[in-house]
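This report goes through one protein chain by topic. Please keep the sequence and the structure in view while reading.

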Amino acid sequence: MGKLFTLDAIRSGIRFQRSVAEGWIKAIESVNSSEKHKVVDLFVLLILHSTANRKKAMESLIRNKIKTGHFTEEMLSAAFNSHSQILRDYFSDLLSLAEILLRSPDPSVCSYACAMYKLSFVSFDLYCQQEIVGTLVTHIGSGYAAEADSSLDVLSDLVESHPDIMAPFAIFIKGILDYLDNLTVIQIRKLFGMLSTLAFTNQQDGGLIQDDMHIVIRKQLSSNCAKYKRIGIIGAIMVVRSMAKKRSEDEGSEETMDTQSQQKSTLSNEVYKQHQAFASPFGCTIGCN
């Protein structure tokens, strides 16, 4: 409670006294190591970012702090672990910052943005989670490969780590199917991997996802275009993998199932033959880790 009052006092000072805001900015800019930065510095920059005339400047300052290693993902995690309720009040600013930072060509900045998305998702309420998933899907449809890769990685991590929490947002992930023509083979694998995981781990709506995937995969496999057949094959293989994993978990077995035998016994002969024909030219981009 005391920390909340302190932040309220800082917020009031920043918003109503220009000298206070400028003093905080200079103080934070002058810190030259991650060890000397405190969680409160991040809160202050979020408060400053929430003021309309300072957004761009704060985005630039935060980006530079990440690039120099002064703002670390460890400090970000500490902020969420100890003050998630306070951070919830700045969700719109966190989301806006994550969107901007994810588009950075600098890997460290992009990684920081991914951490912001994941920590916000697991820390905040249903409304925030929906906004986060929707924003990540928008990134994927942006047309920029690096941006799409990072967003797919975040969604994949969330689906893998929190399938039950992600289940209500399966409809958003299904929406990515509209972008199939713009996705790379690796990105398509990630997408079908997520959908397959949700389809076979979600007891309530899993059947609906399975039906939708079945329709999409059959449509792709029946195409005369090699590109779309390949998409169908990738989808079918990812479905089989999820089925095998689910069966293994249900049986309580720790033995690794042979992927090829599962594919051959589960897929129709036609699909299996197409997989054999297409897998060789594309190497490990299809059905391989």
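Leaving out residues up to four places away in sequence, M166 touches F121, V133, L155, L158, V159, I173 and L198. Contact here means heavy atoms within 4.5 Å. The model is predicted: local features need pLDDT of at least 70, side-chain atom pairs count only at pLDDT 80 or more, and totals for chains, interfaces and linings use all residues. Residues are numbered from 1 along each chain as its sequence is written, and side-chain values use heavy atoms, with hydrogens and water left out.

M166 is also one of the residues that touch the most other members of the largest nonpolar core, together with L155, I173, L191 and F192; this core has 84 residues. Helix α7 (residues 107-123) supplies the largest share of the core, 10 residues. A nonpolar core is a set of buried Ala, Val, Leu, Ile, Met, Phe, Trp, Tyr and Cys residues joined through side-chain atoms within 4.5 Å. Buried means under 20% relative accessible area, exposed means over 50%, and partly exposed lies in between (1.4 Å probe, protein chains only).

## The chain as a whole

The protein chain has 16 helices and zero strands. Helices (H or I, at least four residues) and strands (E, at least two) are DSSP runs, numbered from the N terminus. Of the 289 residues in the chain, 47% are buried. Among contacts between residues at least 6 apart in sequence, 65% join residues at least 24 apart.

## L191 in helix α12

Helix α12 (residues 185-201) contains L191. L191 counts as buried because its relative accessibility is 0%. Not counting residues up to four places away in sequence, L191 touches I173, I176, L177, L180 and L183. L191 and M238 are 47 residues apart in sequence, and their C-alpha atoms are 9.4 Å apart in space.

## Two serines

S150 lies in helix α9 (residues 145-161). With a relative accessible area of 11%, S150 is buried. Leaving aside neighbours within four places in sequence, S150 is in contact with L102, C110 and C114.

S111 is found in helix α7. S111 counts as partly exposed because its relative accessibility is 32%. The side chain of S111 makes a polar contact with the side chain of E73 (2.5 Å). A polar contact is a pair of N or O atoms within 3.5 Å; within protein, one must be able to donate a hydrogen and the other to accept it, and residues adjacent in sequence count only if both atoms are side-chain atoms. From C-alpha to C-alpha, S111 and V154 are 9.8 Å apart in space, and they are 43 residues apart in sequence.

## Helices α3 and α4

The axes of helix α3 (residues 39-49) and helix α4 (residues 55-67) come within 8 Å and cross at roughly 150°. Therefore α3 and α4 are roughly antiparallel to each other. On the α3 side the contact is made by L45, L48 and H49, and on the α4 side by K55, M58, E59, L61 and I62. These residues divide into five nonpolar, one polar and two charged.

Axes are lines fitted to C-alpha atoms, for helices over the stretch in contact, and angles run from 0 to 180 degrees between N-to-C directions. Angles under 35 degrees count as roughly parallel, over 145 as roughly antiparallel, 65 to 115 as roughly perpendicular and the rest as oblique. Ala, Val, Leu, Ile, Met, Phe, Trp, Tyr, Cys and Pro count as nonpolar, Asp, Glu, Lys and Arg as charged, and the others, Gly among them, as polar.
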